[in-house]
Amino acid sequence: MRGPSIADVEAFLVDEARLLDARDWNAWNQLFTPDGIYWVPAQPGQKDPLRHVSLIYEDALLREVRIRRFDDRNAFSLQGGPRGWRMVANVRIDSSDPLAGTLTASSRLIAAEYQRERVTRFEAFVTHRLVIQEGQLRIALKRVELLDCDAAHGDISLYL
Amino acid sequence: MSSVEGLVEADRVHRSVYTDPVIFEREMLQIFGATWIYVGHESQIPADGDYVTTSVAGQPLVMVRDKGEVRLLYNRCAHRGAQVVPDGQGNAPLFRCAYHGWIFHRDGTVRTIPLEEGYRNSCFGRDNPDSNMKAVANVAAYRGFVFACLAPSAPPFDAWLRGVDSSIDNMADRSPEGELEITGGVLRYMHRCNWKLFVENLNDLMHPMVTHMSSSGTARTVAKRHFGKDEKLPAAIEILGPFTSNYEFFEEMGVQAFPHGHSYSGGTSSIHSRYSEIDEYNEAMDAAYGAERARAIFAVNRHNTIIYPSLTLKGPIQTIRVIKPIAVDRTLVESWTFRLKGAPDALLERSILYCNLINSSANLVGPDDHEAYQRLQSGLLAQGSDWVSMHRHLGEEEPNEDGGWSANGTSDLVFRNQYRAWTDYMERAL
Ligand SMILES: [Fe+2]
């Protein structure tokens, strides 16, 4: 049995980024497995998400809260509509287990967020833990380690 | 002559206190440079030689453990003025300046001066204190929380802390061993606003139900979709939900104000009082203190305590936020979490979750507060009115048992009290 090719994985990551660019949060969220996690650590190489703070560590329930908030007119900090743009590069499959239908892919991300005359740029090392469910790639974990994750930050409003 | 004369009245302040860079500079000198400012926790430097860099009023300091003692030095080489210890933490037997190689002991005294004989007849030499890294004039600690006062004469520490020392006590007493340990990293959130707007907001109990509707209100909606009425809710929902409690809830929490600008809100109830019980923890507390004393510790449940002007803490969830003013419209807020020594990890995990959800710059609650501060910072540039009113429930405060004043939760008492202290600090002769 053959696992997904590098081309499959690259296409998946680009499609994922395009969903975020398009603010299609619900379609993006459906890429996750039911217990999938979106993680933005606060420390380079951070291993522990439970006993060390993170910028974001979200399960399905918290993603649902955030995604609903994107459309909430009482989300004052989101007024003026932050919009974002992401570029994925240097994709590599670091490990894969075709029998289990799992693989880990790493990539580099350059992204920008714009709101009210201000552009914030992000550079990140991204790791995806992917699983094949019903013939589709699904995200079990997306870990976005910002280059400056341990620096002081202003608002980060979007998923990266 | 005082530059702040006429800017503060009993029930209102002039908008320039938030926007004038000259006033900001004076605050750094008269307040942050002249009273007790939180610099770190002793648990950050448990072993001899452990150090951590910190700052007060923009000045670089290094806190170091030397022969068991906590010392605080200006992080500046006596020679040309370079910062000696790079920002961060570590362990070092000695500090060596990267520029001309001067070496200092951990108490700041100079050990090595390269080509020392060339400095003869100058102020430099190993027997001359001018060659040492300078110690900060006043350092005091309460249950591990270390404060510094840069000015030569500091307010008497114990009297200064009175009224809010009990909030530190309650946080530490929640450990079965009575001790706290900073752990779990730090979130540093840069705010585009004056530091006072952040500090004032913490005990502003009329804002959460408005500002946090999109996060807390949405969390409640989502929880209703997934959980039945009597079902145990996930910790994240327990944390987010209470921010949109109604006005009555916050009114009843009450506020307490004390000399020197200190205050806390809540007392017997707060947004933290309804978190799920953790049996293993309760048993550890009962074993350590006896059931009655353990109940008494848990009966104290405060929302935000402000140890004015720099340290704010949340005892029931074991987090602190440290205020570092950068410029008149720029403030760094650091969030730290604590382990209750002797308590199960579940407590720390809840504190971490709380910090992630509330204090992270990428999360759901803090950014809406930040939005409010930014709107204040820009709104206050408008000349439609020069004054910010703090009149709500004026004159209805009553003395409390701890030497302060007590009022209903939505009173502006805390703001008026902060500006009483602010004016005292700003007008006194140093
Ligand atoms: Fe708030």
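The model is predicted. Chain A and chain B bury about 3,200 Å² between them. The largest pocket has a volume of about 1,000 Å³, and the largest cavity has a volume of about 150 Å³.

**The interface of chain A and chain B**

- Chain A brings 33 residues to the contact, and chain B brings 44 residues.
- Carbon and sulfur atoms carry 55% of the area of about 3,200 Å² that the two chains bury.
- On the side of chain A, the residues that lose the most area to chain B are A:Arg51, A:Val53 and A:Leu61. Together they make up 19% of what that side buries.
- There are 25 residue pairs in polar contact across the interface, counting pairs with both residues at pLDDT 80 or more.
- Two elements of chain A each supply at least two residues of the side that touches chain B: strand E2 (54-58) and helix H3 (60-70).
- H3(A) gives the most to that side, with seven residues.
- By class, the side of chain A that touches chain B has 15 nonpolar, seven polar and eleven charged residues.

**Salt bridges**

- Side chains of opposite charge can pair when their charged atoms come close.
- Over all chains, the whole structure has 29 salt bridges. Between chain A and chain B, the count is five.
- A:Arg51 pairs with B:Glu349 in a salt bridge, at 3.0 Å from N to O.
- This pair crosses between chains. A:Arg51 sits in the loop between strand E1 (32-41) and E2 of chain A, while B:Glu349 belongs to helix H12 (residues 345-359) of chain B.
- A:Arg51 is also among the residues of chain A that lose the most area to chain B.
- A:Arg116 and B:Glu371 form another salt bridge, with their closest N and O atoms 3.0 Å apart.

**The largest pocket**

- Rolling a probe the size of a water molecule over the atoms shows where empty space is left.
- The largest pocket, of about 1,000 Å³, is lined by 46 residues.
- Closest to its centre are B:Thr53, B:Val186, B:Arg188, B:Glu334 and B:Trp336.
- Several elements of chain B give two or more residues to the lining, including helix H2 (21-32), strand E4 (50-56), strand E5 (59-66) and strand E19 (330-340).
- Strand E13 (180-191) of chain B is also one of these elements. The largest share of the lining comes from E13(B), with eight residues.
- The lining divides into 22 nonpolar, 18 polar and six charged residues.

**Cavities**

- How many cavities of 30 Å³ or more does the structure hold? There are five.
- The largest cavity, with a volume of about 150 Å³, has 20 lining residues.
- B:His207, B:Phe243, B:His303, B:Asn304 and B:Arg321 are the closest to its centre.
- Helix H5 (195-202), strand E16 (301-307), H12 and helix H13 (366-379) of chain B each supply at least two residues of this lining.
- H5(B) provides the largest share of the lining, three residues.
- H12 of chain B, one of the elements in this lining, also holds B:Glu349, the partner of A:Arg51.
- Eleven nonpolar, five polar and four charged residues make up the lining of the largest cavity.

**Backbone details in chain B**

- Most residues other than glycine have a negative phi, and most peptide bonds are trans.
- The peptide bond from B:Tyr308 to B:Pro309 is cis, with omega near 5°.
- B:Pro309 lies in the loop between E16 and strand E17 (311-314) of chain B. E16 also supplies residues to the lining of the largest cavity.
- B:Ala57 is not a glycine, yet it has a positive phi of about 50°.
- B:Ala57 is in the loop between E4 and E5 of chain B. Both strands give residues to the lining of the largest pocket.

Key: Residues are numbered from 1 along each chain as its sequence is written. Chains are lettered from A and ligands numbered from 1 in the order in which they are written. This is a predicted model: local features need pLDDT of at least 70, side-chain atom pairs count only at pLDDT 80 or more; totals for chains, interfaces and linings use all residues. Side-chain values use heavy atoms; hydrogens and water are left out. Contact means heavy atoms within 4.5 Å. Buried area is the accessible area (1.4 Å probe) that two parts lose on being put together, summed over both. A salt bridge is a side-chain nitrogen of Lys or Arg within 4 Å of a carboxyl oxygen of Asp or Glu. A polar contact is a pair of N or O atoms within 3.5 Å; within protein, one must be able to donate a hydrogen and the other to accept it, and residues adjacent in sequence count only if both atoms are side-chain atoms. Helices (H or I, at least four residues) and strands (E, at least two) are DSSP runs, numbered from the N terminus. Ala, Val, Leu, Ile, Met, Phe, Trp, Tyr, Cys and Pro count as nonpolar, Asp, Glu, Lys and Arg as charged, and the others, Gly among them, as polar. On a 1 Å grid over the protein atoms alone, a cavity is a set of points where a 1.4 Å probe fits but cannot get out, and a pocket is an open set with protein on both sides within 12 Å along at least five of seven lines; lining residues have an atom within 4 Å of a point. Grid points are joined across faces, edges and corners, and a volume is the space filled by probe spheres set on the points.
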